[in-house]
Amino acid sequence: KKTVEDVELKGKKVLLRADLNVPMSDGEITNDNRIVQALPTIKYVLDQGGRVILFSHLGKVKTEEDKKDKTLQPVAERLGELLDKDVPFVPHTRGESLEQAVGKLEDGELLMFENTRFEDLDGKKESGNDAELGKYWASLGDIFVNDAFGTAHRSHASNVGIGSNIETVSGYLMQKEIDFIGGAIDSPERPFVAILGGAKVSDKIGVIKNVLDKADKVIIGGGMAYTFLKAQGKEIGNSLLEEDKVELAKSLLEEAGDKIVLPIDIVVAEKFDANARHRTVSVDEIPADMEGLDIGEETVINFKEVLQGARTVVWNGPMGVFEMENFAKGTIGVCRAIAELDGAKTIIGGGDSAAAAMDLGYADDFSHISTGGGASLEYLEGKELPGLTVIDDK
Ligand code: 3PG
């Protein structure tokens, strides 16, 4: 794909789409990682003398009322602190004030405009990729830098719409996500081990199938492991079960043979509660009146062994109910085991596992933590991402 380094930026009006959809609570940003990850591209374009028009969506905007909580103003302020520079904010998504502000930009200056999804109030123009809107935004700039990997699974006016109208290149973050996630899926250094967790088989079935094709080992933990244990004929008590996925799990286990690695012991609890009484049992002895909420210590040791020598590791999904302290050890153990691997490319496919690694202080020990949630999932499923396809080829 063509990148920001392949084009002349000096004096150009550069439309820069980032995914600055950060979690907020009461108007405060609770995690600024996506803003931090957007910095290299923003700085590069400014350093090259580009005139940056920066924009993003934030949350979903369904009613006029939503606008109050979904303004990008706090994001512009936080970006200003991180850049140590004033970031002028235009509280509109189109119109004269925006056009004038763009017209006044000098080389190496930037502005940010309002949440692209404010356009959804008028007939879903952004999310529906309204042709006129994409064309309008494209008309504000000379070149489009799409650095919004987190949004790459969406075909919206602010990525695909603009990209269909003018020259489109990727930014550093987009390129990094392509190199790591795309690299792992398309041409992994072997052995390639995938560790998949999360509650439901149905959410991850696309990923499971795709990585079973590509990886040397696929470790399965989390809530979805119980459907696989059931498929092996084990009694799983009150553990999470997707009855309608048991046959599928059975056929995957038959096809994959020992490529799939399942838990050997489980932390079972009397109920789904942070303070529930719990103990660790073998997967052959799950009591009928208890439910599995985490993988056990022996399992962590076993998973660790499977990971030894791996050259590529992709992790997606927690191993247990990690928001409850008593059932977080499996996720912590696996996170530490991956973080401590020597000489492996280690990738976290976004979402809960990315949050866990950051909370646990392991963020710096991974080669790459994806900024995408839905986007990394779809990428790992092997699906085409429209926000990526729209970037020009070299
Ligand atoms: C995300 O957080 O996954 C992206 O920013 C996309 O947001 P969306 O799911 O609201 O389209």
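The model is predicted. The protein has 14 helices and 17 strands.

**Overall build**
- The secondary structure comes to 14 helices and 17 strands.
- Along the principal axes, the C-alpha atoms fill a box of roughly 70 × 45 × 35 Å.

**Ligand shell**
- Eight names make up the surroundings of the ligand: Asp19, Asn21, Lys60, Gly150, Thr151, Arg154, Gly373 and Gly374.
- By class, this shell holds five polar and three charged residues.
- The shell has no nonpolar residues.

**Helix 1 and helix 2**
- Helix 1 spans residues 33-47, and helix 2 spans residues 73-83.
- Their axes come within 10 Å and cross at roughly 55°.
- The crossing is right-handed.
- From helix 1, Ile35, Val36 and Leu39 take part in the contact.
- They meet Val75, Arg78, Leu79 and Leu82 in helix 2.
- The contact residues divide into six nonpolar, no polar and one charged.

**Helix 10 and helix 11**
- Helix 10 covers residues 297-307, and helix 11 covers residues 329-339.
- The two axes come within 10 Å and cross at roughly 20°.
- Angles under 35 degrees count as roughly parallel, so helix 10 is roughly parallel to helix 11.
- Helix 10 passes helix 11 in a right-handed crossing.
- On the helix 10 side, the contact involves Thr299, Val300, Phe303, Lys304 and Leu307.
- On the helix 11 side, the partners are Gly330, Gly333, Val334, Ala337 and Ile338.
- By class, this contact has six nonpolar, three polar and one charged residue.

**Backbone details**
- Arginine 190 and proline 191 are joined by a cis peptide bond, with omega about 0°.
- Proline 191 sits in the loop between helix 6 (172-186) and strand 9 (192-196).
- Aspartate 26 has a positive phi, near 50°, and is a residue other than glycine.
- Aspartate 26 belongs to the loop between strand 2 (24-25) and strand 3 (28-29).

Terms used
Residues numbered from 1 in each chain as written. Predicted model: local features only at pLDDT ≥ 70, side-chain atom pairs only at ≥ 80, totals over all residues. Axes fitted to C-alpha atoms, helices over the stretch in contact; angles between N-to-C directions. Helix = DSSP H or I, 4+ residues; strand = E, 2+ residues; numbered from the N terminus. Left-handed = near helix turned anticlockwise from the far one by under 90°. Contact = placed C-beta atoms within 7 Å. Nonpolar A, V, L, I, M, F, W, Y, C, P; charged D, E, K, R; others polar. Near = placed C-beta within 6 Å. Parallel < 35°, antiparallel > 145°, perpendicular 65-115°, else oblique.
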